[in-house]
Amino acid sequence: MKLSGCNLPGIIVMVFVMLSSSSTSAITNFNVLNFGAIPTGRTDSADSFLKAWNAACGTADSTFIYVPKGRYLVGPLAFKGQCKSSQIIIRIDGTIVAPLDYGVLGKSNNWFSFEDVSGVTIIGRGTFDAKGPSLWACKASNSNSCPSGATTLSFTKSNNIRINGLTSLNSQMFHIVINGCQNVHLEGVKIVAAGNSPNTDGIHVQLSRNVEILSTSIKTGDGCISIGSGTENLWIEQVTCGPGHGISIGSLAKDLEEEGVQNVTVKKTIFSNTQNGLRIKSWARPSNGYVQGIRFIDSVMKNVQNPIVIDQNYCPRNENCPGQVSGIKINDIVYEDIRGTSSTPIAIKFDCSVKNPCTGIKLQNVNLTYLNKTAQSFCSNVVGKAIDLVRPNSCL
């Protein structure tokens with residue numbers, strides 16, 4: 001069931017934008033230009049952005065921070081709560097650009113980090129341009145001197161968050177991370193990075209509850225959406241993915257003590273030339289984690305390498321897991337109305353744990369082909385059923 005109370009971002013935006021233009025409203029306005037920001041893209045405006053945030057955070061009224069059109073050079077920033085204001089709207093119409101020296105961001109974990117905040121809404125048609133290609137090139141050269149890179153936009157231990165209409169371009173690492181949050185709504189977001197960009201996951205969700213991701217376009221070099229442990233009540237709808245690694249639950253089983261993933265719906269998605277479509281992935285090692293109550297509904301695959309895949313034997317480079325088996329328990333997974341083309345012969349692959357077989361797997365109205373020919377299914381340690389039309393023929 002779709003989350004209640006989270007489908008009104010347009011109304012929220014309209015109301016607050018109207019209030020921001022009224023001299024009699026209870027909203028307090030803060031324009032970053034008034035705090036010294038320079039919209040030429042050549043002068044560091046980080047301090048001005050932080051001063052605008054501190055002013056808004058310290059005001060008891062609802063507040064509105066405005067970033068007008070222009071280019072703003074900004075280094076790493078941390079926006080921290082607890083704020084006096086219960087509602088902070090940040091409208092970004094300009095382009096926020098990272099320093100040319102990738103090390104300035106690359107040595108930080110995050111570029112724009114929001115920590116322990118509540119009631120923050122980020123709207124507008126603005127862009128975060130992290131200038132990631134120079135760092136990607138460093139990593140491609142196998143140099144040991146490359147920094148790890150920064151996530152463009154992260155929210156940690158935060159509640160009642162809305163992100164609407166922004167573009168994230170060429171992130172050094174992950175584009176958007178939702179970590180330890182509740183009641184988060186992302187809509188109309190555009191994420192763009194090269195298909196060979198390393199570790200540039202579009203949206204990563206972990207340890208979070210009641211999250212919606214709607215009407216979003218993701219082109220990147222890693223997971224379009226990655227879902228980590230401790231995720232509960234996640235709704236994904238009308239997302240286009242490609243290039244990228246698809247929508248993945250996992251990797252799980254990184255740790256023995258790990259929270260499970262449950263109640264996830266992925267609906268009306270399109271995958272184009274991606275490595276995976278709908279994937280569940282866990283390391284082949286002990287864990288008390290689980291995946292349950294997952295619904296994959298109405299997905300179109302266009303030349304996807306692995307349209308439907310569960311991999312519980314993930315062990316890259318044969319490090320830290322040879323000879324072990326996954327402890328993750330996978331149960332109650334539904335694939336319904338999945339159709340399109342696979343770029344490899346095996347369109348459905350369930351490679352589950354010999355110790356903890358996948359159970360409650362259901363395929364219904366699945367029609368996947370390979371080069372206009374019959375595709376194949378692969379099953380190992382899995383129990384489930386096929387209903388109605390299922391192509392390739394089910395091995396459940």
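Reply:
**The second largest pocket**

The lining of the second largest pocket holds nine polar residues, three nonpolar ones and no charged ones; Ala, Val, Leu, Ile, Met, Phe, Trp, Tyr, Cys and Pro count as nonpolar, Asp, Glu, Lys and Arg as charged, and the others, Gly among them, as polar. The model is predicted: local features need pLDDT of at least 70 and side-chain atom pairs count only at pLDDT 80 or more, while totals for chains, interfaces and linings use all residues. Residues are numbered from 1 along each chain as its sequence is written, and side-chain values use heavy atoms, with hydrogens and water left out.

The space in this pocket is about 230 Å³. A pocket is an open set of points on a 1 Å grid over the protein atoms alone, with protein on both sides within 12 Å along at least five of seven lines; a cavity is a set where a 1.4 Å probe fits but cannot get out, and lining residues have an atom within 4 Å of a point. Points are joined across faces, edges and corners, and a volume is the space filled by probe spheres set on them.

The lining consists of Asn109, Asn110, Ser148, Gly149, Thr151, Ser154, Thr156, Met173, Phe174, Val177, Asn179 and His204. Strand 11 (151-156) and strand 14 (176-179) are the elements that give two or more residues to it, and strand 11 has the largest share, three residues. Strands (E, at least two residues) and helices (H or I, at least four) are DSSP runs numbered from the N terminus.

Both strands belong to an open sheet of eleven strands with parallel pairing, in the order 5-8-11-14-17-19-21-23-25-27-30; two strands pair if DSSP finds at least two bridges between them. At the edges, strand 5 (77-80) and strand 30 (376-380) each pair on one side only. Neighbouring strands of the sheet are turned by 15 degrees against each other on average, direction ignored; axes are lines fitted to C-alpha atoms, for helices over the stretch in contact, and angles run from 0 to 180 degrees between N-to-C directions. Helix 2 (residues 46-57) packs on the sheet, touching strand 5 and strand 8 (110-115), with its direction at about 0 degrees to that of strand 5. Contact here means heavy atoms within 4.5 Å.

For comparison, the largest pocket has a volume of about 520 Å³. Asp201, Gly250, Ser251, Lys254 and Lys281 are nearest its centre among 24 lining residues. Strand 17 (203-206), strand 21 and strand 23 (276-283) are the elements that give two or more residues to this lining. By class the lining has five nonpolar, twelve polar and seven charged residues.

There are two cavities of 30 Å³ or more. The largest cavity has a volume of about 120 Å³; Phe49, Phe79, Ile90, Phe112 and Phe114 are the closest to its centre of the 14 residues that line it. Helix 2 gives the most to this lining, three residues. The lining is made up of 14 nonpolar, no polar and no charged residues. The second largest cavity holds about 30 Å³ of space, and its lining has six nonpolar, two polar and no charged residues.
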